[in-house]
Amino acid sequence: MKLPIFLDYSATTPVDPRVAKLMCDCLTQEGNFGNPASRSHVYGWQAEEAVENARRQVADLINADPREIVWTSGATESDNLAIKGVAHFYHKKGKHIITSKIEHKAVLDTCRQLEREGFEVTYLDPTSDGIISADQVAKAIREDTILVSLMHVNNEIGVVTDITAIGEVTRAKKVLFHVDAAQSTGKLAIDLAVSKVDLMSFCAHKTYGPKGIGALYVSRKPRVRLEAQIHGGGHERGMRSGTLATHQIVGMGAAFAIAQEEMDADNARIKHLSQRLWDGVKDMEEVYMNGHPTQRVAGNANISFNYVEGESLLMSLRELAVSSGSACTSASLEPSYVLRALGMNDELAHSSIRFSIGRFTTESDIDQAIELSRNAVIKLRELSPLWDMYKDGVDLDSVQWAAH
Amino acid sequence: MAYSEQVLDHYENPRNVGKMDEADAHVGTGMVGAPACGDVMRLQIKVNNEGVIEDAKFKTYGCGSAIASSSLVTEWMKGMTLDQAGEIRNSNISEELALPPVKIHCSVLAEDAIQAAIHNYKSKQ
């Protein structure tokens, strides 16, 4: 079976072979297999050294102190630890949290849980191109606000949040600021000596590292306190217990070091490829790029092919591994909540495909994606009664549909 | 998700795609579904003076199973009387296409489209 072309780098990335090699060296008897918490012998010391080296590599990418990095199992756990950890520690100061409607479920579902525990959450509306502004945040902050949680780069539409501007607002108002940066490492420069962020979530697997490992940046100056969510041996200064997974951690460190080294070259190439993709389809009628045209990362192209339903489009694009904004397969029949939050109508939301481009994408991959997409859209529009109606000049909003 | 061979066949080679003149007294048109729900089917039948469906056409905006369901019923309906066509049930469609539970609504929609087309034709007589 011929494997489809992978254009889903926003979902995950393959581990860089250079990273995989280093990880393999931390598994077997001949390798660095010790428990980093073992203080009484060289196996433990070596493992600890590898873990601390990786901690420095992660800290270096974001210009932080290694002591500000806490290992977790991934960005979902980091988000949980940051948001619940702050809420549970600072609840006497206030019970109000601010986030947005286009956050990842790891943030939204955590906020829902806190609502059940008696916290109040404000969900900010993005602009139609997916921007949450510092001004909006400033207006939403109240006396009892303890935390603002926003993502750096949106996973569906690739739009970038101005965390430096928002950090100025939150710091001035003495409100903690958490940023989910799962989608931004290796794509955007992050400098936490400049951006006033108190907590930042990371994972390795969107940046050519392994799945199952992540980190939370917890600021030391000013000092941020957290209530631990996982208790045990008091690892990670009590914030997150559990034996450290040396091979995973080494993988994350190496992946982040490569990201730092190669980010500019990677970005230039990926930007060229995304532009090539968009140039290859944009002349078709009723095709739209979703999200802000310039305030976005290079690798994400979320495109709506109007009057074509996303799942059937995916079916025609079986030679491509991409995602759809339509969640018909999940039986919910709901189009993406992110696209809906931008105020997009349902047909357009159902018609969207997220192409995400990465380190191993080639020009020939993109050219094939263009050809397959064009052919599929032409074929499905031939089949689409909505396309007929559009061509006949019927306003679809004026039609009385029987919702089912 | 995995699609059955029958769904793939109708999806790759949809039968009877097209549009007939809605104003023609011999033509019945049924349009069901809504863009917001991710599927819209337009099914049209042409009925002769003996009450037999001579031709059927469809266009569908929706997932592969919705396209296959409507393509299948156009094949079935040709040569049927209106009464016979009116007896096609969603279970016949879902069984023929081996639809998984999450896709049963596609066959329900196709049954609705048949009923709507017959109703539209009868209302014109």
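Predicted model: local features only at pLDDT ≥ 70, side-chain atom pairs only at ≥ 80, totals over all residues.
Local features need pLDDT of at least 70, side-chain atom pairs count only at pLDDT 80 or more, and totals for chains, interfaces and linings use all residues; side-chain values rest on heavy atoms, with hydrogens and water left out. Residues are numbered from 1 along each chain as its sequence is written, while chains are lettered from A and ligands numbered from 1 in the order in which they are written.

Chain A holds an open sheet of seven strands in the order E2-E8-E7-E6-E5-E3-E4, with mixed pairing (helices, H or I of at least four residues, and strands, E of at least two, are DSSP runs numbered from the N terminus; two strands pair if DSSP finds at least two bridges between them). Its edge strands are E2 (69-72) and E4, each pairing on one side only. Neighbouring strands are turned by 20° against each other on average, direction ignored (axes are lines fitted to C-alpha atoms, for helices over the stretch in contact, and angles run from 0 to 180 degrees between N-to-C directions).

Next comes strand E3 (residues 96-100) of chain A, where five of five residues are buried (under 20% relative accessible area; exposed is over 50%, partly exposed in between; 1.4 Å probe, protein chains only). In a regular strand the side chains alternate between the two faces of the sheet. Here A:His96, A:Ile98 and A:Ser100 are buried on one side, and A:Ile97 and A:Thr99 on the other. E3(A) pairs with E4 (residues 120-124) of chain A in the parallel sense over five bridges, with A:Glu120 as the bridge partner of A:His96.

Eight bridges join E2 (residues 39-47) of chain B to E3(B), and B:Gln44 stands opposite B:Lys57.

Finally, the lining of the largest pocket comprises six nonpolar, six polar and three charged residues (Ala, Val, Leu, Ile, Met, Phe, Trp, Tyr, Cys and Pro count as nonpolar, Asp, Glu, Lys and Arg as charged, and the others, Gly among them, as polar). Its largest share, five residues, comes from helix H7 (residues 246-281) of chain A.
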